[in-house]
Amino acid sequence: MGMIGHLQAVTINELAEFLSCANEEGIKSLLTPKYTQDNNIDYLYLDKTWHGLHFLLNGDKEDSEPLSWVIFGNHSVGGDENQLLYGYSWIGLRYLLPDEVAKVTEVLSSITAKDLTANFLPEAMEEVLVYPIGIWVRDGIEALNYLLMYYDNLVNFYKQAASREKAVIMYVD
């Protein structure tokens, strides 16, 4: 099974509702993907690429804003001390506000697959325990292709969220 990454675009009102929700069932219902008739992407499934994409965008630096926000957000639901909040994994539930989504989108739009390929360092990824652990050196170019396959969807997701002035909630479960 493993730890699967998810991004969900929400309106500022939906974010407020989400942040005010006091129980796990309410949180889960708000995180249920919503599909729209107009082909807008309000939900993005990242499979196990989330940590690898984070590394390709940031290296082993954790504070390279706004790129460090792409996967891990800029705000923690319930504060950073609640990383196991509501049964979600160690990154907890995190989010970006609409203006932060716009900043992320602007930077992501300028990063190409060639840029990401230059940042693919399998040995370094293994050394800093990038999830899923053990595949980077073993699978090499296939592991890189796995990450690149999801990158275009990530960029498109953020472009659509920014164009509609949405916030983004992110979580790993």
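**Note on the predicted model: helices, sheet and local backbone features**

1. Of the 173 residues of the protein, 49% count as buried. The structure discussed here is a predicted model, and every remark below should be read with that in mind. The protein contains nine helices and five strands. Taken in sequence order, these elements follow the pattern β-α-α-β-α-α-β-β-α-α-α-α-α-β. Among contacts between residues at least 6 apart in sequence, 73% join residues at least 24 apart.

2. The sheet may be considered next. Five strands make up an open sheet in the order β2-β1-β5-β4-β3, and their pairing is antiparallel. The strands β2 (43–47) and β3 (75–76) stand at the edges; each has a single partner strand, so one side of each is left without a neighbour in the sheet.

3. Strand β1 covers residues 5–10 and is joined to β2 by four bridges, the two strands running antiparallel. Within this pairing, G5 stands opposite D47 of β2, and the bridge partner of H6 in β2 is Y45. Strand β1 is also joined to β5, by six bridges, and this pair likewise runs antiparallel. Here V10 has A167 of β5 as its bridge partner.

4. How much of β1 is buried? Six of its six residues are buried, so the strand is largely enclosed by the rest of the structure. The cover extends to both faces of β1: G5, L7 and A9 are buried on one side, and H6, Q8 and V10 on the other.

5. D47, the residue opposite G5, deserves a separate remark. D47 belongs to strand β2. Its phi is positive, at about 50 degrees, although D47 is not a glycine. D47 has a relative accessible area of 16%, and because a residue counts as buried under 20%, D47 is buried.

6. Helix α3 (residues 50–58) is mostly covered, with nine of its nine residues buried. These residues are W50, H51, G52, L53, H54, F55, L56, L57 and N58. Just after α3, G59 adopts a positive phi of about 65 degrees. A113 lies in helix α6 (residues 113–118) and is partly exposed, with a relative accessible area of 39%.

7. Which helix does α5 cross, and at what angle? The axes of α5 and helix α9 (residues 141–163) come within 9 Å and cross at roughly 140 degrees. That angle makes α5 oblique to α9. The crossing of α5 past α9 is left-handed. On the α5 side the contact is made by V101, A102, V104, T105 and L108, and on the α9 side by Y151, V155, Y158, K159, A161 and A162.

8. Is E106 buried or exposed? With a relative accessible area of 62%, E106 is exposed, because the cut-off for that class is over 50%. E106 and V155 are 49 residues apart along the chain, and their C-alpha atoms are separated by 9.7 Å.

9. The pairing of β1 with β2 was described above as antiparallel, with four bridges. Helix α5 packs on the sheet, where it touches β3, β4 (94–96) and β5 (167–172); the direction of α5 makes about 80 degrees with that of β4.

10. A cis peptide bond joins E65 and P66, with omega about 0 degrees; P66 is placed in the loop between α3 and α4 (69–72). The peptide bond from Y131 to P132 is also cis, with omega near -5 degrees. P132 is placed in the loop between α7 (122–127) and α8 (136–139). L129 is found in the loop between α7 and α8, and its phi is near 60 degrees, a positive value in a residue other than glycine.

Methods: Residues numbered from 1 in each chain as written. Predicted model: local features only at pLDDT ≥ 70, side-chain atom pairs only at ≥ 80, totals over all residues. Heavy atoms only, no water. Buried < 20%, exposed > 50% of the residue type's maximum accessible area, 1.4 Å probe, protein only. Axes fitted to C-alpha atoms, helices over the stretch in contact; angles between N-to-C directions. Parallel < 35°, antiparallel > 145°, perpendicular 65-115°, else oblique. Left-handed = near helix turned anticlockwise from the far one by under 90°. Contact = heavy atoms within 4.5 Å. Pairing = 2+ DSSP bridges.
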